[in-house]
Structures are given as structure tokens and as C-alpha cells.
Amino acid sequence: MSGALDHLPRLLALVPWLLAHPDTPVADVAKEFGITEQQLRADLDLIWMCGLPGYGPGDLMDVVWHDDRVSLSNADTIARPLRLTADEALALVAALRALLGVPGLVETLAVETALAKLEAAAGGAISGDEVAVAVDAVTDPDVVATVADALATGRRVHLRYWVPARDEATERDVDPIRMFTSEGMPYFVGWCHLVDDIRTFRLDRALAVTVLDEPVDVPAETRQRAFDKGLFNPDDADRLVTLDLDPSARWVADYHPVEEVTERGDGGVLVTLRARDDDWVRRLALGLAGRGRVTDPPDLAADVRVAAGEALSAYRTILGSG
Amino acid sequence: MAARRTERLLNLVICLLHTRSYLTADRIRELVAGYDEAPTDEAYKRMFERDKEDLRDLGIPLETGTNSASDDEPGYRIARRDYALPDITLAPAEAAAVGLAARMWSSASMSAAATRALRKLEAAGVEVAPLPEGLQPQVEASGSAFPVLAEAVHDGRRVTFDYRGAGDAEPVARTVEPWGVVWWHGRWYLVGLDTDKSATRVFRLSRIVGEPKPVGRAGVVTRPEGTDLRTLVSSYDAASPASVAVVRVRHGKGLGLRRRAVNVSAGPPGWDVVEVTYPDTGRLTDQVLPYGADVLVLEPPEAVDAVVSRLRSLVEDTS
């Protein structure tokens with residue numbers, strides 16, 4: 001986009017925004033529009049020079065200052081914002097529909113009515129189910145809603161949680177700090193009293209959750225750490241694991257955050273990822289049997305072969321052969 | 001320089017919104033501040049043409065017409081009802097949902113578009129209360145394909161793109177009549193008619209290589225009556241469970257399978273016998289293998305063979 005193509009829409013939004021929010025501190029306005037205070041002041045200087053033909057005092061828009069607060073007047077002609085462009089309407093409508101894909105996170109009815117109102121206001125820029133969402137049936141909406149409620153009210157939860165890496169159910173109390181989705185799956189991060197550390201929980205693995213009466217008790221420093229952490233919290237201390245994947249196992253690179261992907265040349269890939277838990281790698285590698293293999297570290301590769309050997313001999317026993 | 005141009009465009013928009021009658025190019029040159037900089041008629045013409053184009057690119061509806069039948073020269077104006085965002089009133093819960101939606105995009109361009117949209121709504125009087133900082137749902141755009149495909153669906157235009165299917169070594173060029181874009185388990189999928197194969201196909205956006213290109217005229221694509229996009233996508237991802245498998249699961253293990261069990265009964269000491277539904281042998285094998293010696297398939301026999309043969313290839317794999 002050229003300068004004017006970026007700049008003019010901002011001014012056409014800034015004018016009605018200021019009319020709707022008179023006497024707002026300059027810093028707040030700049031933050032709202034994602035620009036510096038200096039840029040905002042330049043915008044206001046420009047607005048002040050514009051208006052109706054004639055360009056006399058009664059024709060120009062008026063910028064009024066009270067210390068560091070700003071108001072606008074005499075801008076009736078552009079007092080309404082420009083209608084939504086197709087990409088703006090798409091961005092909001094598609095994200096709202098994605099919210100519907102995680103039932104329980106927000107009030108479904110409110111999302112649906114907001115969608116209807118937005119589509120009407122977008123005047124045909126987006127319509128019907130051009131962009132649709134197939135709802136996730138894996139995660140229990142009650143579990144999602146319970147955690148969202150605990151987060152909003154700042155209360156501790158009791159959680160029965162399945163740890164797939166060890167294939168066991170655990171009981172723990174957690175102080176929720178943040179809740180997010182990644183690739184459509186809802187997660188929450190909290191201070192786990194079982195391990196006395198920050199943990200991330202995938203809500204489809206929550207077997208049961210109840211809100212407790214205790215308020216959350218998380219020091220600000222811990223809270224900040226929970227926000228700074230990425231989704232899978234890869235840690236430099238985690239082991240780097242290299243997998244050699246046939247074309248039919250390429251999906252691993254799509255599903256897991258990988259550090260490095262090298263094309264093998266035949267459609268297969270070599271991927272490197274960080275794994276906190278050897279159990280997790282062992283289970284992944286067993287699942288990839290015949291389609292992918294751990295190539296590094298060698299001890300983990302050997303470990304996987306041992307686990308596969310144990311499974312094989314168990315089958316020999318029940319099948320009564322060799 | 002750029003600021004002068006923005007100033008001229010802003011004055012032009014205000015003037016054309018204010019006028020009821022159509023204004024000819026000559027009249028606009030006289031009225032709107034900034035055009036006096038054009039030294040010649042020719043320079044003015046170029047300047048005005050470019051400005052008109054910019055306004056249209058920004059979605060500002062410029063009308064052309066004459067004020068009376070006797071006028072031969074067309075004039076310009078902007079109709080307020082076409083320009084302005086229609087009135088919109090959102091209840092607090094609706095506004096909160098919209099505010100949350102506006103910060104969900106992880107891609108920069110979609111995120112910027114959502115923020116611009118939210119500012120317009122706020123400029124129209126919608127109040128979005130501050131959201132809990134800990135609530136952070138996300139939606140990914142899977143590269144640049146999403147907005148291009150959504151627009152193609154809206155316009156009813158064919159698209160072409162290079163696509164790398166699950167087992168493809170190299171991307172293959174596809175031509176598709178797009179019917180819809182569907183979000184399913186955190187991924188965007190395109191549903192449409194693959195014109196080369198003359199068959200309905202589902203494409204995962206993250207497997208599209210490069211940017212899709214719209215081809216041909218708009219309005220040529222129509223979705224067949226009764227097409228259910230969501231079902232097409234969800235059945236692409238997981239065939240409906242049809243058969244029942246019998247597996248032996250060690251006590252306290254195999255929770256993922258136990259959660260989906262249709263029946264659990266006692267097995268040999270230390271084991272349960274669990275029945276689960278499965279869509280096909282391949283998927284059942286994939287689900288059972290990660291548990292190693294803790295979960296053993298008893299039935300169907302073809303799944304037992306598949307698990308054993310894949311375990312064997314792992315043990316013998318020395319590469």
C-alpha cells in the first residue's frame with residue numbers, strides 16, 4: 001500500500017472515533033490506533049487543515065485540546081466510520097465463527113447474535129457459511145466453561161487430568177492464570193499445586209474439573225512467567241530429538257512444533273523437535289512404527305526398539321506362536 | 001509530500017460526501033483544496049484519475065452521474081448511505097465476543113484487518129469493555145491462502161493452487177471451484193469441486209504451497225443445493241466409527257482408549273478387555289501402537305496383523 005492508502009483510512013476512522021470518545025488522553029488514542037503520540041499529533045494537525053470547500057473557520061474541522069486530552073468538532077460530514085471492507089469483515093466474522101468452534105469459552109448465543117449483527121452491518125461483504133466452522137466435539141463444553149469461569153472469577157480448580165505421556169490419570173489443584181486455544185484446541189496454564197510449578201493443560205484431557213472456593217494465589221512474577229511461556233513451553237533444557245519420517249508420516253511436522261525440517265528428497269522429511277519427556281517420544285515413535293523412526297539421540301532410538309520388542313513378545317504370547 | 005496527498009484526498013471525500021448534486025471534474029478542481037497544485041489541465045486530469053482510483057481501492061463508493069438530462073458531462077459524489085457503516089448496537093456480551101474475536105488472529109495481516117474493523121465499530125459507538133487478560137483464544141490463517149480463498153468463495157470464482165497431499169512428494173497443481181472455507185479442529189479447509197477430477201474434494205490450507213490464484217470470471221461457481229460443508233470436512237478428517245474392536249488393556253493404562261470405550265470387562269489378572277469403535281484398520285492401528293505392550297489388539301485379526309507387522313518393522317529397522 002502507498003502512504004495515502006494506509007493513511008486515509010486511519011484518518012477516516014480517527015475522526016468518528018474521537019467524536020465518539022471526546023476528551024480522551026492523547027496517549028490512549030495513540031495506543032488504540034497503534035501509532036506513536038507524535039504520529040497522532042501529525043494526524044490531528046492534518047485533520048485541523050481539512051474540511052468543507054471554502055475552508056474558512058466554520059468549514060474546517062476543529063481540534064480542541066484540554067492539556068493532554070483531545071476532542072474534535074465540526075466534522076459532521078465524516079462523523080460515521082466508513083463501512084467495513086471485505087477483509088475487515090472477514091477477519092472479524094471468521095474469528096467469531098472460530099470462537100463458536102470451542103463451545104463453552106464464551107456465551108454461544110452472544111457470539112451468534114453478534115455474528116448476525118455484523119453480517120448485516122457488513123452489507124454483503126461476507127455472507128452465509130462461506131466461512132464455516134465445524135464444531136469440536138472432543139472437548140466437553142462444560143469443562144471449558146468451568147475453567148473459563150474460574151479464570152474470570154479468580155478461583156482455584158480441582159482437576160482430574162489424563163497425562164498421556166505416562167498414560168495415567170492425576171488429581172491436582174490448579175490456580176488458572178491464562179486460557180488459550182492453539183489449532184482450535186483449548187488449553188489453560190496455571191500454577192499446579194501438585195508439582196509446585198507452572199503447567200499447561202489440554203482441556204480435552206481434563207476428565208473432570210470443579211471450581212473450588214479458594215481464590216487463586218499466584219505471585220505477579222509467576223503470572224508473568226506463565227504469560228511469557230509459549231504453548232508447549234519448549235525449554236532449552238529439553239532434549240533435541242531427530243525423527244526420520246516417510247511421506248506418510250509428514251503430518252508429524254504439521255502437528256508438533258518442530259525446530260527444523262529438512263526435505264529428504266523423496267517426500268519424506270527429517271525433523272528436529274524439543275521433547276521434555278522421553279515417554280512422549282517413545283509413544284510417538286511407537287505410533288509411527290514402519291513410517292518413521294528416531295535417529296537421534298541413539299539411546300532413545302534403542303529405547304523405542306526395546307519397547308516395540310516387548311509389545312511383539314506380548315503378541316507372540318497371546319497369539320501362541322513362536 | 002505524502003501528507004499533502006492524504007490531505008487532498010480527505011478534503012475530496014468530505015466534499016463529495018457533502019454535496020447532494022454531482023460535481024464535475026472541473027468543479028472539483030475549483031472547490032477542493034490541493035488541486036490548485038496541478039500546473040496544467042493534463043496534470044490535473046492525471047492527479048484526479050489517480051485519486052478516484054485510490055478511493056475506489058479503499059472501498060469508498062464513488063458514484064458517477066449527471067444532475068439533469070441536459071448535462072453531458074458526468075459528475076461525482078459519494079452517497080452517505082453507501083459510505084457509512086450502518087447503525088450497529090451490540091449488547092455487552094456481544095461486544096465482548098467481538099473484542100475477543102478481534103485479537104484472535106495470529107497472522108499479522110488478518111490481525112491488522114480485525115483491529116481496523118474493531119476501531120470502526122468503536123467509532124460507531126460500540127463499547128468494548130476490557131477483556132480478561134488471561135483469555136487468549138487464537139485462530140491461525142495458515143499463510144496467505146485464507147483471505148484469497150474466502151474472497152474467491154464470496155465472488156464465486158475458480159482458483160488454482162499447488163497442493164501437497166498427505167503422501168505427495170511434490171506439490172500438484174489443482175483447479176477448484178470453491179464452495180466454502182471451514183475451520184475444523186484448528187485448521188482451515190477448502191471444500192469444492194476439483195475440476196480436473198470432477199469430484200468433491202477437501203483441501204487443507206496449510207498444505208497449499210504458495211498463494212492461490214483466482215482465475216476466470218466471478219459468479220461462475222455455484223455450490224450444489226444441499227451441500228453440507230461441515231460434514232464434508234469432518235468426515236474427511238475422521239471417517240465415522242463403524243466397527244468394534246476388542247483390545248486388552250493393562251489396569252490403569254490406555255486411558256485415551258478407555259474414554260472412548262463402548263464396553264469394559266475383566267480380562268486376565270492385571271488386564272481389562274475394552275471394546276472401542278474404529279473407522280478403519282489403519283486408524284485403529286495408529287491409535288493402539290503408541291501404548292506398546294500396555295494395549296494389545298485381540299480383534300479384528302487384520303488389525304492384529306497390521307500392528308504386529310508394523311512393530312516388527314520398527315524392531316528390524318536399523319537405519
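## Helix α5 of chain A

Just after α5(A), Gly123(A) adopts a positive phi of about 55 degrees. The model is predicted, and every value in this report is computed from it. Helix α5 of chain A covers residues 108-121, which makes 14 residues. At 1.5 Å a residue the helix should span 20 Å, and its end C-alpha atoms are 20 Å apart, so expectation and model agree.

Buried positions in α5(A) are Ala110(A), Val111(A), Ala114(A), Leu115(A), Leu118(A) and Ala121(A). Viewed down the axis of α5(A), the buried residues fall within an arc of 135 degrees, so they line one face of the helix. An α-helix has 3.6 residues a turn, so residues three or four places apart point the same way. On the face of α5(A) turned away from the buried side are the exposed residues Leu109(A) and Ala116(A). The packing partners of the buried residues of α5(A) come from both chains: α4 (86-100) of chain A and α5 (92-102) of chain B.

## Contact between the chains

The contact between the chains involves 101 residues of chain B and 102 residues of chain A. On the side of chain B that touches chain A, helix α1 (residues 2-18) of chain B gives the largest share, with 13 residues. By residue class, this side of chain B consists of 59 nonpolar, 22 polar and 20 charged residues.

Strand pairing also crosses between the chains. Strand β6 (residues 168-182) of chain A pairs with strand β3 (residues 135-136) of chain B in the parallel sense, over two bridges. Leu135(B), in β3(B), is the bridge partner of Met179(A).

## A three-stranded sheet in chain A

Chain A has an open sheet of three strands in the order β1-β3-β2, with antiparallel pairing. The edges are held by β1 (24-25) and β2 (62-66) of chain A, each with a single partner strand, so one side of each has no neighbour in the sheet. Between β2(A) and strand β3 (residues 69-73) of chain A, which run antiparallel, there are five bridges. Asp62(A) has Ser73(A), in β3(A), as its bridge partner.

Asp23(A) sits in the loop between α1 (3-20) and β1 of chain A, and its phi is near 60 degrees, a positive value in a residue other than glycine. Asp23(A) is exposed, with 11 other C-beta atoms within 10 Å. Asp67(A) is in the loop between β2 and β3 of chain A; although not a glycine, Asp67(A) has a positive phi of about 50 degrees. Asp67(A) counts as exposed, with 7 C-beta neighbours inside 10 Å.

## Dimensions and composition of the chains

Chain A contains ten helices and 13 strands. A compact globule of 322 residues would have a radius of gyration near 20 Å, whereas the value for chain A is 28 Å. Along the principal axes, the C-alpha atoms of chain A fill a box of roughly 100 × 55 × 40 Å. Buried residues make up 39% of the 322 residues of chain A. Of the contacts in chain A between residues at least 6 apart in sequence, 58% join residues at least 24 apart.

Chain B has eleven helices and twelve strands. The box filled by the C-alpha atoms of chain B along the principal axes is roughly 95 × 50 × 45 Å. In chain B, 38% of the 319 residues count as buried. Contacts in chain B with a separation of 6 or more include 56% between residues 24 or more positions apart.

Glu37(B) is placed in the loop between α2 (25-31) and α3 (41-57) of chain B. This residue is exposed, with 12 other C-beta atoms within 10 Å.

A cis peptide bond, with omega near 0 degrees, leads from Asp296(A) to Pro297(A). Pro297(A) is in the loop between β13 (292-296) and α10 (298-319) of chain A. In chain B, the peptide bond from Glu299(B) to Pro300(B) is cis, with omega near 0 degrees. The loop that holds Pro300(B) runs between β12 (295-299) and α11 (301-316) of chain B.

Technical notes:
Residues are numbered from 1 along each chain as its sequence is written. Chains are lettered from A and ligands numbered from 1 in the order in which they are written. This is a predicted model: local features need pLDDT of at least 70, side-chain atom pairs count only at pLDDT 80 or more; totals for chains, interfaces and linings use all residues. Helices (H or I, at least four residues) and strands (E, at least two) are DSSP runs, numbered from the N terminus. The expected span of a helix is 1.5 Å times one less than its number of residues. A residue is buried if 20 or more other C-beta atoms lie within 10 Å of its own, exposed if 12 or fewer, and partly exposed in between; C-beta atoms are placed from the backbone. The arc is that of the directions from the helix axis to the C-beta atoms. Two residues are in contact if their C-beta atoms, placed from the backbone, lie within 7 Å. Ala, Val, Leu, Ile, Met, Phe, Trp, Tyr, Cys and Pro count as nonpolar, Asp, Glu, Lys and Arg as charged, and the others, Gly among them, as polar. Two strands pair if DSSP finds at least two bridges between them. The radius of gyration is taken over C-alpha atoms; the globule rule is 2.2 Å times the number of residues to the power 0.38.
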